[in-house]
Amino acid sequence: MKSLEKFDKKKLKKIKPDIIFPIFGFFALFLVVSFMFTLILDVFLDGLEKLKDPDFYTSFPSRFPEKAGILSGWVGTLLVMGGAIFWSLLIGIPAGIYLEEYAQKRGLIGKIENIIELNINNLAAVPAIIYGLLALGIFVYRFKLGESILTAGLTLSILMLPVIVVNTREAIRRIPRDIREAAYAVGATKWDTIRDHIFPYSLGGILTGLIIAASRAIGETAPLITIGALTFIAFLPPNPITPDFPYLSLTKFWEVLMSPFTVLPIQIFNWVSRPQADFQINAAAAGFVLLVLTFFMNALAYYIRQKVRRKYIW
Amino acid sequence: MFGSLVYKRILDKFMLAVFFTAGFFTIFITIGIVYVLLTDTLEFFKEVSIKEFLTEKEWTPVFATKKFGIWPLIAGTFLIAVIAMIVSVPLGLLIAIYLSEYASVTVKEIAKPIIEFLEAVPTVVYGYFTLLFVTPLLQKIVPNLEGFNSLAPGIVLGFMILPYTASMAEDAMKGVPQRIREASYALGATKLWTAIRIILPASISGIVAGFILGASRAIGETMVVAIAAGMYPNLTLDPREPIQTMTGYIVQVALGDLPFGSIEYLSIFAVGFTLFIIAFFFNSIALWLKSKIREMY
């Protein structure tokens with residue numbers, strides 16, 4: 001009887017940390033969640049006054065905080081992101097397909113493939129501001145593309161590239177070998193297989209990667225400051241769309257690409273660094289807009305990922 | 001029929017070339033980075049000696065008497081990164097063990113996206129929050145805390161890198177095969193004992209890889225420190241004083257108009273090159289640690 005009591009006590013001692021530890025763990029988690037909610041609430045409440053004002057979304061920046069708006073900011077963000085998405089997909093998807101579908105892992109080509117793979121892993125962890133220096137040195141000063149929307153799009157596309165390559169590869173890797181063998185067995189070439197099977201089946205995963213990459217790039221400030229984005233833009237780029245055929249004026253389109261720009265995060269940075277307290281309200285309001293944008297992009301990516309997982313069960 | 005087959009074969013080869021070119025192109029980005037950083041850094045060292053760069057204790061490129069000693073910037077960068085790690089490592093480890101060994105599926109499904117979202121929040125918004133919420137709050141607790149300091153940005157960065165320190169650590173712990181856990185339970189070990197003495201050592205390389213990537217992220221982070229840490233190169237270990245990081249300096253100079261080839265223009269490439277080498281070093285360790293996990297199981 002006595003020994004049994006002793007055993008129980010020992011057992012109790014052993015179990016106690018198992019009760020206490022999860023409480024600590026949950027508390028840590030709670031701390032993180034409340035940090036997040038405080039952040040969102042703080043930005044929202046600080047900017048509420050401006051968020052309610054419809055003129056805020058349709059006005060240019062101004063010397064007067066009460067008149068200043070984010071029109072040139074969100075138009076610039078839209079145009080720059082359009083370019084960034086275009087360039088990053090152009091290189092990212094084919095690079096991902098190559099590494100997953102064509103890589104031979106043998107000989108000289110195999111060595112190059114290893115370098116490409118290692119290189120992409122490394123690019124993913126290079127600080128964003130380094131890409132800004134790359135863009136300043138190459139696009140702005142050596143290619144003479146100027147401090148333009150085109151330069152900004154190229155810069156952010158390099159930032160997005162590793163994320164898109166990694167996600168493309170993961171999506172393709174999930175497709176079983178049988179699908180490819182079946183296609184080859186009925187006489188399809190490798191390209192046929194990729195176009196008709198590999199690409200469509202992995203599209204959901206690629207899209208998820210694209211949205212996640214874009215949601216990171218849309219809030220990126222440092223590389224665009226480095227290439228010399230302006231903070232005060234009181235005009236919009238020309239509208240390249242024409243009413244008659246071919247509906248797009250190429251000279252105007254080029255003007256759009258070469259025009260100076262500002263983006264939402266840079267507008268926020270500019271307002272935060274001003275001494276007047278009224279500009280802080282603008283910064284908070286624009287910050288909340290940006291926060292909502294990134295939140296919805298991440299939610300969309302999450303939703304697509306769940307949906308794709310349910311659609312293709314191999 | 002025959003013609004279309006030939007066409008198909010040519011198209012197939014052509015597409016292979018297209019895909020390979022795209023893959024190969026990614027190497028050019030790194031070559032471009034190294035080329036730009038190296039040429040402009042060498043240009044910089046024609047005007048400032050490497051000896052001054054590495055031994056001088058002051059960084060005053062915007063003053064009349066220009067001094068180019070990188071140490072204040074490196075010290076500022078690492079001071080913030082260390083504060084971030086002091087916050088992030090215990091918090092991340094606690095959360096990782098809790099999520100991987102204790103939490104129910106529901107808690108996990110809610111917690112994971114929230115932690116991942118910490119990385120998606122635009123850094124300029126973190127900067128605003130640090131300067132106008134965290135710093136005033138800390139000033140009530142910490143005496144003599146200045147409006148610009150390294151403490152507040154360090155703490156916020158500590159939370160920001162949790163996707164690496166908590167989420168990656170959890171993934172590593174989850175990667176330990178279930179049979180190892182069962183074996184430990186079968187020998188009478190409690191959950192906590194199993195987690196700390198069995199699972200933690202088994203997944204340590206993955207966890208440390210996450211920590212190093214987190215630290216690398218904190219070192220390269222720009223906007224939070226540019227907004228909230230001040231613009232004052234300061235060789236100090238006091239977290240209450242304003243400082244400047246390497247990234248903060250690049251932003252400060254880039255905000256002005258940069259004549260191509262001027263000493264200020266060249267100096268940001270020298271600083272950027274130093275940052276690149278540090279980040280590259282950290283990433284290589286993390287990648288090496290990650291490859292070790294794959295060998296294990």
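Helices (H or I, at least four residues) and strands (E, at least two) are DSSP runs, numbered from the N terminus. By that definition chain B comes to 13 helices and 0 strands, and from the N terminus on its elements run α-α-α-α-α-α-α-α-α-α-α-α-α. The structure is a predicted model, in which local features need pLDDT of at least 70, side-chain atom pairs count only at pLDDT 80 or more, and totals for chains, interfaces and linings use all residues. Residues are numbered from 1 along each chain as its sequence is written, while chains are lettered from A and ligands numbered from 1 in the order in which they are written.

**Chain A: overall form**

- Chain A has 12 helices and 0 strands, and its pattern along the sequence is α-α-α-α-α-α-α-α-α-α-α-α.
- The radius of gyration of chain A is 26 Å, whereas a compact globule of 314 residues would have one near 20 Å; the radius is taken over C-alpha atoms, and the globule rule is 2.2 Å times the number of residues to the power 0.38.
- The C-alpha trace of chain A spans about 90 × 65 × 35 Å along its principal axes.
- Of the 314 residues in chain A, 44% are buried. A residue is buried if 20 or more other C-beta atoms lie within 10 Å of its own, exposed if 12 or fewer, and partly exposed in between, with C-beta atoms placed from the backbone.
- Among the contacts in chain A with a separation of 6 or more, 77% are between residues 24 or more positions apart; two residues are in contact if their C-beta atoms, placed from the backbone, lie within 7 Å.

**Chain B: overall form and domains**

- Along its principal axes, the C-alpha trace of chain B spans about 75 × 70 × 35 Å.
- Buried residues account for 49% of the 297 residues of chain B.
- In chain B, 73% of the contacts between residues at least 6 apart in sequence join residues at least 24 apart.
- Chain B is divided into domain 1 (2-47) and domain 2 (71-296), with bounds that come from an automatic or database domain assignment.
- The C-alpha centres of these two domains of chain B lie 33 Å apart, and the contact between them takes 8 residues from domain 1 and 8 residues from domain 2.
- The side of domain 1 of chain B that touches domain 2 has 4 nonpolar, 1 polar and 3 charged residues. Ala, Val, Leu, Ile, Met, Phe, Trp, Tyr, Cys and Pro count as nonpolar, Asp, Glu, Lys and Arg as charged, and the others, Gly among them, as polar.

**Interface between the chains**

- Contacts between the chains involve 71 residues of chain A and 72 residues of chain B.
- Helix α1 (residues 2-51) of chain A gives the most to the side of chain A that touches chain B, contributing 18 residues.
- That side of chain A comprises 50 nonpolar, 16 polar and 5 charged residues.
- Thr294(A), in helix α12 (residues 277-311) of chain A, touches residues of both chains: Ser215(A), Ile218(A), Gly219(A), Ala120(B), Val121(B) and Pro122(B), not counting residues up to four places away in sequence.
- Thr294(A) counts as partly exposed because it has 19 C-beta neighbours inside 10 Å.
- Thr294(A) and Val33(A) are 261 residues apart along the chain, and their C-alpha atoms are separated by 17 Å.

**Local features**

- Helix α3 (residues 71-102) of chain A has 32 residues and should span 46 Å at 1.5 Å a residue, which agrees with the 46 Å between its end C-alpha atoms; the expected span is 1.5 Å times one less than the number of residues.
- A kink of about 30° in α3(A) is centred on Leu89(A), the bend at a residue being the angle between axes fitted to the seven residues ending there and the seven starting there.
- Most residues other than glycine have a negative phi.
- Lys144(A), in the loop between α5 (128-142) and α6 (149-173) of chain A, has a positive phi near 55°. Lys144(A) counts as exposed, with 7 C-beta neighbours inside 10 Å.
- Asn144(B) has a positive phi of about 60° and lies in the loop between α5 (123-141) and α6 (151-160) of chain B. Asn144(B) is exposed, with 9 C-beta neighbours inside 10 Å.
- Arg181(B), in helix α8 (residues 178-186) of chain B, is partly exposed, with 18 other C-beta atoms within 10 Å.
- Arg181(B) touches Thr194(B) and Ile199(B), not counting residues up to four places away in sequence. Arg181(B) and Thr194(B) are 13 residues apart in sequence and 6.8 Å apart in space, C-alpha to C-alpha.
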